[in-house]
Amino acid sequence: MKIIFDPKPVKTFALQISFNIGWRHEPPKEKGVIRKELQGLLNLILNILPSWFDGFYHLDAEFSSLIIMGLSEDQERIPKLLQVIENNFPEGFSGMGAGIEMGVLSGGIKKDIVNVIEEFQTEHIGRKLTIHSAPKRFLNVRNLTRAQKHFLVSVMLKKGNELFLEVSPRGDRIQYGMKLDDVALENLDEALRSYEHWIRRRFESTKDSVALLTLMNIYEKIDKDLEDVIKEVYSVNIVALNEAIRKLSAISKKMIM
């Protein structure tokens, strides 16, 4: 199984297992089925773990995840967690053709545990899924990488705009909501430094680390760590960035009229 490992000198860990299925894949008559399957699998896992383990699920447009957090001294349980997921794989997921896409592990974990995860063989390999809820209010941005789009969205969110980065095997999209007022970027250098500070602080947490590394790597061909993401953002194509901002500004003006 594809696994991205983010080692940290801490006594905790976070494991995020992601599936190639999200809410856009739900058939019209089966709304809520993915959330229900995720919750059921999460409950099963937590019921067989000691009470100090914690977990939750994440449901995105075209992927979903289970996140389990525990103490590093209990890391020997991680391979068993994968086997529980494999043995109790949601029937609803299988019926729609979903499978395990990847895993991200962060924290104080021994390398041999990481090796066991990498060698884990799953029978639940996802195939290309049908989109039942097609995106409508979105902007296709060319010549910007996923990390650079994430930077742009983060800057605009700070200004109170409703923007979301949707990752997809078909190509990432910037989805926008009803509020798109201030889309100007006054000082690029200041925005880049602010983004770096924000993302480095988030990477101090194992929980946030697995979430960000999943977002940056799922459906991508080349694995990226924190330094790769920051380097990529600083090398942003200024022309492409300004073009994306110009398009967002045009959308904003239409919404006001």
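A crossing of two helices is right-handed if the near helix is turned clockwise from the far one by less than a right angle, and left-handed if anticlockwise. In this predicted model, the crossing of helices α1 and α2 is right-handed.

Two packed helices are described by the angle between their axes and the distance between the axes. Helix α1 spans residues 33–47, and helix α2 spans residues 78–87. Their axes come within 11 Å and cross at roughly 140°. Angles over 145 degrees would count as roughly antiparallel, so α1 is oblique to α2. On the α1 side, the contact is made by L41, L44 and I45. On the α2 side, L81, V84 and I85 meet them. The contact of α1 with α2 has six nonpolar residues, and no polar or charged ones.

Helix α2 also takes part in covering helix α4. Helix α4 runs over residues 111–118, and its buried residues are I113, V114 and I117. These residues cover an arc of only 100° around the axis, so they lie on the same side of α4. What covers them includes strand β1 (3–7), helix α2 and strand β5 (100–107).

A further residue, K253, lies in helix α9, which spans residues 238–256. Is K253 buried or exposed? Its relative accessible area is 53%. The cut-off for exposed is over 50%, so K253 is exposed. In sequence, K253 and L180 are 73 residues apart. In space, K253 and L180 are 8.8 Å apart, C-alpha to C-alpha.

Technical notes. Residues are numbered from 1 along each chain as its sequence is written. This is a predicted model: local features need pLDDT of at least 70, side-chain atom pairs count only at pLDDT 80 or more; totals for chains, interfaces and linings use all residues. Side-chain values use heavy atoms; hydrogens and water are left out. Axes are lines fitted to C-alpha atoms, for helices over the stretch in contact, and angles run from 0 to 180 degrees between N-to-C directions. Helices (H or I, at least four residues) and strands (E, at least two) are DSSP runs, numbered from the N terminus. Angles under 35 degrees count as roughly parallel, over 145 as roughly antiparallel, 65 to 115 as roughly perpendicular and the rest as oblique. Contact means heavy atoms within 4.5 Å. Ala, Val, Leu, Ile, Met, Phe, Trp, Tyr, Cys and Pro count as nonpolar, Asp, Glu, Lys and Arg as charged, and the others, Gly among them, as polar. Buried means under 20% relative accessible area, exposed over 50%, partly exposed in between (1.4 Å probe, protein chains only). The arc is that of the directions from the helix axis to the C-beta atoms.
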